[in-house]
Amino acid sequence: MINEILLEAIDADFDLDAIRGELVRSGHAVVDPHDARQYLLASDDDVRERALAERRGDPRRISRSVAIVLPTARRIAINVPGSDPMPARRFVEWLRARQAFRVLDHDFNDFTDQSTDLDFIFGPEAA
């Protein structure tokens, strides 16, 4: 599993309005109260609310129970928690159905070919 990934647009910039809309529609994402550029993406409402309360309590920390999604026009950075990568996986599946992108790690190593199977990035889906 890769914990820090970058999705890099190939042919056209990412549609930030659509991405932000999808994150909000997912029901489990919330704009980070201390950095409005990024989203906290949780597996369910309880996890989201606990992470949000922790973040508000200490702005220097972000709960390890949520993914952090930072979308820009050219790249989307995702910090994936080891405890529950499925919300991030669902977001990447949604995005992959709409646009081509490269998959890079935090050192800019290209894992696009290996990541055609998302298990390479996120590990196997829970049964």
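Reader: Is strand S4 mostly covered or uncovered, and how many of its residues are buried?

Author: Burial is judged by relative accessible area, where buried means under 20%, exposed over 50% and partly exposed in between, with a 1.4 Å probe and protein chains only. By that criterion S4 is mostly covered, since four of its five residues are buried. The elements themselves are DSSP runs numbered from the N terminus, helices being H or I of at least four residues and strands E of at least two.

Reader: What kind of model is this, and what pLDDT do local features need?

Author: This is a predicted model, in which local features need pLDDT of at least 70 and side-chain atom pairs count only at pLDDT 80 or more, whereas totals for chains, interfaces and linings use all residues. Residues are numbered from 1 along each chain as its sequence is written, and side-chain values use heavy atoms, with hydrogens and water left out. The quantity pLDDT is the predictor's confidence in each residue, from 0 to 100, and where it is low, the predicted coordinates should not be read in detail. Here the mean pLDDT of the chain is 90, and 97% of its residues reach 70 or more. Among the elements of the chain, S5 has the highest mean pLDDT (96), and helix H4 (residues 119-122) the lowest (85).

Reader: What is the order of the strands in the sheet, and which strands lie at its edges?

Author: Strands of a sheet pair through backbone hydrogen bonds, either parallel or antiparallel; two strands are taken to pair if DSSP finds at least two bridges between them. In this structure six strands make an open sheet in the order S2-S3-S4-S5-S1-S6, with antiparallel pairing. The edge strands, each pairing on one side only, are S2 (29-32) and S6 (101-105). Neighbouring strands of the sheet are turned by 25 degrees against each other on average, direction ignored; such angles are taken between axes, lines fitted to C-alpha atoms (for helices over the stretch in contact), and run from 0 to 180 degrees between N-to-C directions.

Reader: How many bridges join S2 to S3, and which residues are partners across the sheet?

Author: Four bridges join S2 to the antiparallel strand S3 (residues 35-41), and in that pairing the partner of Val30 is Leu40. S3 in turn pairs with S4 over three antiparallel bridges, where Leu41 has Ala67 as its partner. S4 and S5 are antiparallel over four bridges and form a hairpin with three residues between them; Val69 is the bridge partner of Ile78 in S5. On to S1, the pairing with S5 is antiparallel over five bridges, and Glu4 stands opposite Asn79.

Reader: Which residues make up the covered face of S5, and which the uncovered one?

Author: In S5 the covered face consists of Ile76 and Ile78, while Arg75, Ala77 and Asn79 form the uncovered one.

Reader: Across which strands do helices H1 and H3 lie?

Author: Contact means heavy atoms within 4.5 Å. Helix H1 (residues 16-25) lies across S2, S3, S4 (67-71) and S5 (75-79), running at about 45 degrees to S3. Helix H3 (residues 86-96) lies across S1 (4-9), S3, S4, S5 and S6, at about 160 degrees to S5.

Reader: At what angle do H1 and H3 cross, and which residues make the contact?

Author: The axes of H1 and H3 come within 11 Å and cross at roughly 140 degrees. Ala18, Ile19, Glu22 and Leu23 of H1 make the contact with Phe91, Trp94 and Leu95 of H3.

Reader: Why can H3 be called largely enclosed?

Author: H3 is largely enclosed by the rest of the structure because eight of its eleven residues are buried, among them Met86, Pro87, Phe91 and Val92. Val92, at 1% relative accessibility, counts as buried. Leaving aside neighbours within four places in sequence, Val92 is in contact with Ile5, Leu7, Ile78, Phe101, Leu118 and Phe122. The C-alpha atoms of Val92 and Ile78, which are 14 residues apart along the chain, are separated by 9.6 Å.

Reader: Where is Phe108, and what is its phi?

Author: Phe108 is placed in the loop between S6 and H4, and has a positive phi of about 70 degrees although it is not a glycine. At 48% relative accessibility, Phe108 counts as partly exposed.
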